[in-house]
Amino acid sequence: MKDFLELCKTRQSCRNFNGKPVEREKLTKCVEAAHFAPSGCNAQPWSFVVVDDPKLLPEVAKCAQPMEGLNAFTSKAGAFIVVLEEHAVLMPMIRPLIDSQYFAKGDLGAATLSICLEAADQGLGACILGMYNREKLCQTLGIPTEKQFGALIALGYPADETIRLKTRKPMDEIVRYV
């Protein structure tokens, strides 16, 4: 593994895949990283659908392209991972105080980032997709329509491994020590 901060600095959203399939072992490691992500009360309110079937990849890519020209790069993704929200089982003393899903969104974010960081560590590109046809994706993958989605992630080998310059707000604008 790289130095962790260096991994964070070099991880980027890949929007230019080369079309090569992603080995199942690498996808398993990505999901394993998510499996070990932190979660409130250790509830682990997630499940994952990993798509690596060459027959399904074009269908999922179409689901990820809800408008003409949007997310066209997904047509060359070598795999997809759907992060789903599951019912969180909280500790008995916490349960009466908050909704069972209180921590779930943050937990799903941690799991999603873990997938993306593990992908980067293995030389894969990943892109968390914000827009997709959820209903069509559910139908394509046999996911119940009432299921809440955490993320749809496109994965694959980058066609260009150039690390783009990241522009971020200056640290003094986002951090305050007290």
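**A buried partner and its salt bridge**

Glu-118 has a relative accessibility of 16%, so it counts as buried, because buried means under 20%. This is a predicted model.

Which residue does Glu-118 pair with in a salt bridge? The partner is Lys-29, and the closest N and O atoms are 3.9 Å apart. Lys-29 sits in helix H2, while Glu-118 sits in helix H4 (residues 104–121), so this pair ties together parts that are 89 residues apart in sequence. Lys-29 is partly exposed, at 44% relative accessibility.

The count of salt bridges comes to 4. Another one of them joins the side chains of Arg-24 and Asp-52, at 2.8 Å from N to O. Arg-24 belongs to helix H2 (residues 24–35), and Asp-52 to the loop between strand S1 (46–51) and helix H3 (57–63), so parts 28 residues apart in sequence are tied together. Arg-24 is exposed, with a relative accessible area of 53%.

Now look at Glu-86 and Lys-147. Their side chains meet in a salt bridge of 2.7 Å, N to O. Each lies in a loop: Glu-86 between strand S2 (79–85) and H4, Lys-147 between helix H5 (134–141) and strand S4 (148–156), so the pair links parts 61 residues apart in sequence. Glu-86 is partly exposed, at 23% relative accessibility.

Step back to the whole chain. The protein has 6 helices and 4 strands. From the N terminus, they run α-α-β-α-β-α-β-α-β-α. The radius of gyration is 17 Å, close to the 16 Å of the globule rule for 178 residues, so the protein is as compact as a globular protein of that length. Buried residues make up 40% of the 178.

Technical notes
Residues numbered from 1 in each chain as written. Predicted model: local features only at pLDDT ≥ 70, side-chain atom pairs only at ≥ 80, totals over all residues. Heavy atoms only, no water. Helix = DSSP H or I, 4+ residues; strand = E, 2+ residues; numbered from the N terminus. Rg over C-alpha atoms; globule rule 2.2 N^0.38 Å. Buried < 20%, exposed > 50% of the residue type's maximum accessible area, 1.4 Å probe, protein only.
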